[in-house]
Amino acid sequence: MDGERGQASIEVLAGIPALLLAGLIALQLLAAGYSLTLADGAAGAGAMALAAGRPAVPAVREALPGWARDRVAVDVHGGRLTVRLRPPSPIGALARRLELRSSVWVRRPAGG
């Protein structure tokens with residue numbers, strides 16, 4: 001009977017790292033999904049600014065929450081606007097490698 005309790009304790013201890021890893025993966029997926037939603041919204045805000053003849057970068061940054069403003073890059077080439085956003089990550093190496101992109105096409109106003 002004591003051997004069974006000891007084995008159960010070892011199984012629980014062995015399962016804790018797997019549970020923590022699953023939690024980190026779930027947290028990262030949620031952060032990436034939320035960041036992609038933010039990038040899409042920011043790209044839309046930048047597109048509306050371009051269509052109105054205003055610069056896109058300030059509109060994109062204003063559409064993002066404070067933590068994301070330092071993690072965004074905006075590229076405008078012709079009628080294409082691309083927002084690149086790095087989602088937060090509890091793992092530093094992963095944080096530097098992840099990048100989400102959202103692109104839109106904009107028809108600029110005549111003469112703009």
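The paragraphs below walk through the sheet, the salt bridges, the aromatic pair and the helical surface of this predicted model.

Residues are numbered from 1 along each chain as its sequence is written, and side-chain values use heavy atoms, with hydrogens and water left out. As the model is predicted, local features need pLDDT of at least 70 and side-chain atom pairs count only at pLDDT 80 or more, while totals for chains, interfaces and linings use all residues.

Three strands form an open sheet in the order β1-β2-β3, and their pairing is antiparallel. Its edge strands are β1 (72–77) and β3 (100–105), each of which pairs on one side only. On average, neighbouring strands of this sheet are turned by 15 degrees against each other, direction ignored. Axes here are lines fitted to C-alpha atoms, for helices over the stretch in contact, with angles from 0 to 180 degrees between N-to-C directions. Strands (E, at least two residues) and helices (H or I, at least four) are DSSP runs numbered from the N terminus, and two strands pair if DSSP finds at least two bridges between them.

The pairing can be followed strand by strand. Six bridges hold β1 and β2 in the antiparallel sense. Along this pairing, H77 has R80 as its bridge partner in β2, and V76 has L81 as its partner in β2. The hairpin of β1 and β2 has two residues between the strands, and G78 in this hairpin takes a positive phi near 60 degrees.

Charged side chains come next. Side chains of opposite charge can pair when their charged atoms come close. A salt bridge is counted when a side-chain nitrogen of Lys or Arg lies within 4 Å of a carboxyl oxygen of Asp or Glu. A search of the whole structure finds three of them. D75 forms one with R84, with the closest N and O atoms 3.3 Å apart. R84 also meets E99 in a salt bridge, at 3.7 Å from N to O. This pair links distant parts of the chain, 15 residues apart: E99 sits in the loop between α4 (92–97) and β3, and R84 in strand β2. E99 in turn forms a salt bridge with R101, at 3.1 Å from N to O.

R84 is partly exposed because its relative accessible area is 21%, and D75 is partly exposed at 26%. E99 counts as partly exposed at 35% relative accessibility, whereas R101, at 53%, is exposed.

Aromatic rings give another link. A pair of aromatic rings is described by the distance of the centres and the angle of the planes. Rings of Phe, Tyr and Trp (its six-membered ring) pair if their centres lie within 6.5 Å; planes under 30 degrees apart count as stacked, over 60 as edge-to-face and the rest as tilted. By this rule there is one aromatic pair. The ring centres of Y34 and W67 are 6.4 Å apart and their planes stand at 35 degrees, so the pair is tilted. Because Y34 lies in helix α1 and W67 in helix α3 (residues 66–69), the pair ties together parts that are 33 residues apart in sequence. Y34 counts as partly exposed at 46% relative accessibility, and W67 at 35%.

Helix α1 (residues 2–51) also holds I16, a partly exposed residue with a relative accessible area of 39%. Together, V12, L13, I16 and L20 make a nonpolar surface patch of about 400 Å². Patches consist of residues with over 30% relative accessible area and no salt bridge, where like charges are joined within 9 Å and nonpolar side chains (Val, Leu, Ile, Met, Phe, Trp, Tyr) within 5 Å. Accessible areas come from the Shrake-Rupley method with a 1.4 Å probe, and for residues only the protein chains shown count as cover. G44 is likewise found in helix α1 and is partly exposed at 27% relative accessible area. The C-alpha atoms of G44 and A22, 22 residues apart along the chain, are separated by 33 Å.

Notes
Buried means under 20% relative accessible area, exposed over 50%, partly exposed in between (1.4 Å probe, protein chains only).
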